[in-house]
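Student: I am new to this structure and would like to go through it slowly. Could we begin with a single residue and then widen the view?

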Amino acid sequence: MSALLAPRRIAWRVGTVAELVEETAGAVTIVLDVPDWPGHVAGQHVDVRLTAPDGYQAQRSYSIASGPEDGRIALTVERLDDGEVSPYLAGVLESGDELELRGPIGSHFSWRVEDGGPLLLVGGGSGLVPLMSMLRHRAARGSDVETRLLVSARRLEDLIYRAELETLAAGPGLAVHRTLTRERPAGWDGHDRRVDREMLEAVGPAPAERPHVFVCGPTGFVEQVADSLAEIGHAPDAIHAERFGPTGG
Amino acid sequence: MGSEDRANWLDGNGVAGLLAEVFGAEVTAVVRGCGSCGAEAAVGAHRAYRGAGVVLRCPACGDVAILIAQLPDRNVVQVRGVWAFELPRG
């Protein structure tokens, strides 16, 4: 990947909430109109800043869920009841409210159709968010780049973007693999355990095909997946990882 | 991003906002050579430890790559090792 990047001042902007979409019982997608948005690359994130009336500020990073072609910015936020920021974003925020954000940032974890494939995307929980941006970008560009998505959730009801993933999987070149680690509906034909080496080998592609690999999720999940990928023989510089931090939600 | 996970570090990519404040550019895809072990890794693949600022460490050996202390009115920055940049002119 080229390190040639346009310098620009990173400024805070004010976006307006255009729409809120309940994805699951615990996750909300916030669709924002952001004036003068410079455009993003699939996989990048933004910093969101909340300011209390007394001036106290709290800041968190959220992956962008929308594709670059969408025009508006969508963030999918998982509500953590003991969190400081997410209960506000996924519970209190309403259409028409304003939100301060800066970005897009994080080019290390990003993919363009021009970067080619094959692609291996592995997401745990809301780690699916930046990977979804890549899939939406791929679909918007009519790309059939060979892509394997492996997504892990506790229960089927916790899996975000369920219907859209099924639609996308009907298109050319994309295989969607799901694993449910805690509870499975009757007749479940997907995987039924935490992601491990055997599952990753079954999903592919093999290291010899030199896939671009993107892994996003909670730190323990990413560690486990990255270790397994290394054991299988994927090149360390082909593996892009994004861990959720100890940010307190 | 945003989880109850309590691990004490995340990826350099995750502190891209602060790095952009410091460098005036998005630098997570820039490759940095470690002055200690010689490993080359993208800034976004370094380990980021957060406290009253951020410490980025080499993902291979843990040697410090950059210290950024966030003070109310300014960032205090100490850079170590080799940072190779390509930035467009003008």
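Student: Does Arg102(A) count as buried or exposed, and why?
Tutor: This is a predicted model, in which local features need pLDDT of at least 70, side-chain atom pairs count only at pLDDT 80 or more, and totals for chains, interfaces and linings use all residues. Residues are numbered from 1 along each chain as its sequence is written, chains are lettered from A and ligands numbered from 1 in the order in which they are written, and side-chain values use heavy atoms, leaving out hydrogens and water. Buried means under 20% relative accessible area, exposed over 50%, and partly exposed in between, with a 1.4 Å probe and protein chains only. Because its relative accessibility is 3%, Arg102(A) counts as buried.

Student: With which side chain does the side chain of Arg102(A) make a polar contact?
Tutor: A polar contact is a pair of N or O atoms within 3.5 Å; within protein, one must be able to donate a hydrogen and the other to accept it, and residues adjacent in sequence count only if both atoms are side-chain atoms. Arg102(A) lies in strand E6 of chain A, where strands (E, at least two residues) and helices (H or I, at least four) are DSSP runs numbered from the N terminus. At 2.5 Å, the partner is the side chain of Glu21(B).

Student: Which residues of chain B are in contact with Ile10(A), beyond its neighbours in sequence?
Tutor: Ile10(A) is placed in the segment before strand E1 (13-24) of chain A, and at 16% relative accessibility it counts as buried. Contact means heavy atoms within 4.5 Å. Leaving aside neighbours within four places in sequence, the contacts of Ile10(A) include Arg102(A) and, from chain B, Gly17(B), Ala20(B) and Glu21(B).

Student: Which strands stand at the edges of the open sheet in chain A?
Tutor: Six strands form this sheet in the order E4-E3-E6-E1-E2-E5, with antiparallel pairing, and two strands pair if DSSP finds at least two bridges between them. Since each has a single partner strand, one side is left without a neighbour in the sheet for both E4 (57-63) and E5 (73-78).

Student: What angle does helix H1 of chain B make with E6(A)?
Tutor: Helix H1 (residues 16-23) of chain B packs on the sheet, where it touches E3 and strand E6 (98-105) of chain A. Axes are lines fitted to C-alpha atoms, for helices over the stretch in contact, and angles run from 0 to 180 degrees between N-to-C directions.
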